[in-house]
Amino acid sequence: MRKLISAYQKSVTETVQRYGGFVAKYMGDGVLVYFGYPQAHEDDAERAVRSALELVPAVAKLKTNTRLQTRVGIATGLVVVGDLVGSGEAQERGIVGETPNLAARLQGLAEPDMVVIADSTRRLLGNLFELGDLGHQELKGLAGAVQVWAALRQTSVEGRFEAFHGGNLSSLVGREEESQLLRRRWSRAKDGEGQVVLISGEAGIGKSRLTAVLLEQIKEEPHARLRCFCSPQRTNSALSPVIGHLERAAGLKHDDSVQAKLDKLDVLLARSATSPDDSALLAELLSLPNDGRYPQLTLDPQQRRQRTLEAFVTQIGALSRSAPVLMIFEDAHWTDPTSLELVGRILERIVALRVLLIITFRPEFEPPWIGLPHVTAVTLNRLGRRDIDAIIDRIVGNKRLPTGIREDMIDRTDGIPLFIEEMTKAVLEAESEEEARRTTAAIPSSRLEIPATLHASLMARLDRLGPAKELAQIGSAIGREFSHALMEAVAGTSQAELEIALHRLISAGLLFQQGVPPHAHYLFKHALVQDAAYSTLLREHRRTLHARIAEILETRFADRIELQPELLARHCTEAGLIEKAAGLWAKAGDRSLGRAALPEAAEQLNRALSLIASLPSTPALRREEIKLQVALITPLMHFRGYGAAETKTAALRARTLIEQAEARGETPEDPLLLFSVLYSFWVANFNSFHADTVTELATQFLRRAEEQKAATQQMLGHRLVGVSQATIGNLAEALEHFDRAIASYNPGEHRQLATRFGQDIRVAALCYRSWIRWMLGYPEAALADAKSAVAEARDVGQGVPLMYSLYFTSYALIHCGEYEAANVQLDELIPLATEKNAAQWRGGGMMHRGCIQALTGKPSDAITMIPAGIAAWQSSGSVVFVPWYVSHMARACAELGQFDDARRHVNEAFKAIETSGETWCESDIHRTAGDIALLAPEPEVNKAEIHFSRALAAARKQQAKSWELRAATSLARLWYDRGERNRAGELLAPVYGWFSEGLQTLDLKQAKGLLDELA
């Protein structure tokens, strides 16, 4: 028996090793085999199946008394392989993951001499093998039925390309057209026609290569160049690419004194004649303290943010007056939202500047600028044979490739330039022709995701780096870019050893070097290079490394970490220092909120909350969790939407936490925390409007504030009650509350509340009061409030307050017939909302524009614009105000003769206000329904009269004199046309006579014209 087992094991081992597999453990008559460890290959799934199909007859041929039969199970997935455990024949590499268990279950399912594979393996095989469908099987220890297959035999497909072909190859290198296009755009830019080129392509396709060609072509020309690199580690660090550019451009070094850094920055900024105020802002952006050389700026966070963005834009403009500017913004798919906003501003401003802006990104990024006249979009595709040959020839030079290797590479690299480059280098670095052949056989399949395929080839090169591999791993843990000083501190090697290892990485084409040691900075040539190196770190080693990086950052780079705590937070998170990481993410979120970098703040606060949730609960942690959960609501309101599910969930969670704390006797120390939550809860419910809930929440808010005799909270409460009452048509009561809120407002004390409650209270109150004053019959006062609201929103700064005011004050302009002025505001609102990815305000602007189109004889435009606006508005979870817009949709359909649609829309509007209680526009919807009845091919006069009468009654109930005037004018016109002149005059004259202002507004002029006809 021992000889039999020994022969069997030998046969298995020889077969497995021939295909590059690893025998991990002998288990009696069973064997555990790994493919992909310790050497990864792109075709490990194929190798496993081939070895299994070969092993079955090999075992059967063993000389025994009885024919031996074999059952094989194969599964594919990610696992972690650890250190050796056990001893002797029981010794094996520890492995963690579900894949070994699945393979064992499949082996148990197999019939004798059958190879059974998991669906995860089947997906990697293409058409290389004939497979038998074994259906879905229930396997012990696995949830749900699992699709399984039987591998039968190899197919007759000619090669791997045919088996895995996923699309046609097209040109990449030899891209004369793309290169010439960049030169043409550069020429235009030099002549004062600012240009933007968007370069899109998958990972490794050559986006950076194309920009490098242009840089090389113009290196002798006078110009300024700005290069900003985005990083996957910095997607929530506001303006990180800009900070990196400024630090490199100024030549700042880690060991420079603060004085030296400021001096270097001054030299840089002098080239663009930067103003003292802007210099102060840019110095602060670089976390440099003001030593008195710059003016002290007193700005709130929103203003500081806006001024900082403007400072950088201004710098580009100044540089372009001295020389043409080439700005490259790389890997925009990893940009932070604030940098994206900055790019949008630059893009708008450079039309008349000598600037070429190139933006590179992967296909998953959707640039919002396509279609602008000065923007050109370029998509890079995969390589053809001639271009692949050109890349290989350039790298190989005079060296010789082993026979047949070139064809294998061309056939199996699938046209990915970076992959071709790396594989060619790997072949050249091979120490023998046999190793070169093994290297080309390790090329992954193009059917896998690009990062996975490149990862395999890069790992082969990393394994040949020797001691330098460890340095690549350390660098990958630090980030895409790292300094010599930080690497030296973390690596702990001698200066000579460090420089030798870095030189090897640079020579291998894995790193770029900028500057001279010890002040050099290094950049991974491609994010995929960094990914590949990082993936080779086992969990414990990875955690230890991040802990060391965190310790060094904290002790030796404390000044930078103080102002960019998210850098340290990331490393503490990866190191498993959970409580410390949570505190750092919280600090980072607070700083981002202060800078109005709202998406970054939300991400950082969520990270902190997630970590806190994983820790044992303590009173201190519970207090911190409440504070962070409340803080999270504000950024979510702004960029997710007031009525978005995520915003509602955050508000509800915060309220629950506070109630739980109060039940424990742990009342939060900050009295505004609960009011922040109540406010957020009200806002979320207001936007998904239901009258009873909204008014009750507002009343509770004000009542609690009055019980606590808290003046600030009472001011907020008056605003909430005012909005709630206005929306349900209690206009006089609403006006009283808004008057009290506005009278209580103190800019010095209350403006800062905008970051906490999502809006500047005075701006919001003025917006609503303008709307209410118009409905109550005071058009001039309404327009005055609207003008003040927009002006004060501009003082607060660009962003949400301005979008809010531009939207809400457009109501007063539209109601007063000031359509041109309203369109001017919408021309500002819609692009601003688009830039800031604020779907709600973009939708609001579109709905307003559609209403104007419906009211000014453009119904065809209206029926396209209004639904698009409603969709955008509702995408943020908001339904409030929609019925009024739907009624304008109905009017537009009627004017186009689409009366079935018109009636359907007006019925939708009636049903919505009846269900929700949003009755502020009830009178106007009835008036619109009456107009539609009169526009019908056979006018329904009686039906129109009923609607006009109901409109009149609804307006009088609300004391809405402007709605009453409109209803009275429509009803009087109907009566007049029916020959009831006196009755019409008796209705309209007293309503018109009530008005003491706004006599030149559209409604009053139309009423006066009808009265003149009646006279």
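Glutamine 259 is partly exposed, with a relative accessible area of 44%; buried would mean under 20% and exposed over 50%, with partly exposed in between (1.4 Å probe, protein chains only). This residue sits in helix 9, residues 258–270, where helices are DSSP runs of H or I with at least four residues, numbered from the N terminus. Setting aside residues up to four places away in sequence, glutamine 259 touches Asp291 and Arg293, where contact means heavy atoms within 4.5 Å.

A quick word on the model: it is predicted, so local features need pLDDT of at least 70 and side-chain atom pairs pLDDT 80 or more, while totals for chains, interfaces and linings use all residues. Residues are numbered from 1 along each chain as its sequence is written, and side-chain values use heavy atoms, leaving out hydrogens and water.

Now for the salt bridges. The whole structure has 52 of them, each a side-chain nitrogen of Lys or Arg within 4 Å of a carboxyl oxygen of Asp or Glu. Here are some:

| Pair | N to O distance |
|---|---|
| Arginine 653 and glutamate 625 | 3.0 Å |
| Aspartate 785 and arginine 769 | 2.8 Å |
| Arginine 956 and glutamate 964 | 3.0 Å |

Aspartate 785 lies in helix 36 and arginine 769 in helix 35, so this pair ties together parts 16 residues apart in sequence. Both aspartate 785 and arginine 769 are buried. Elsewhere, glutamate 625 is buried at 13%, whereas arginine 653 is partly exposed at 36%. Likewise, glutamate 964 is buried at 7%, and arginine 956 is partly exposed at 43%.

Finally, Arg891, Asp924, Arg927, Asp931, Arg966 and Asp1003 are linked in a salt-bridge network.

Definitions and conventions: Helix = DSSP H or I, 4+ residues; strand = E, 2+ residues; numbered from the N terminus.
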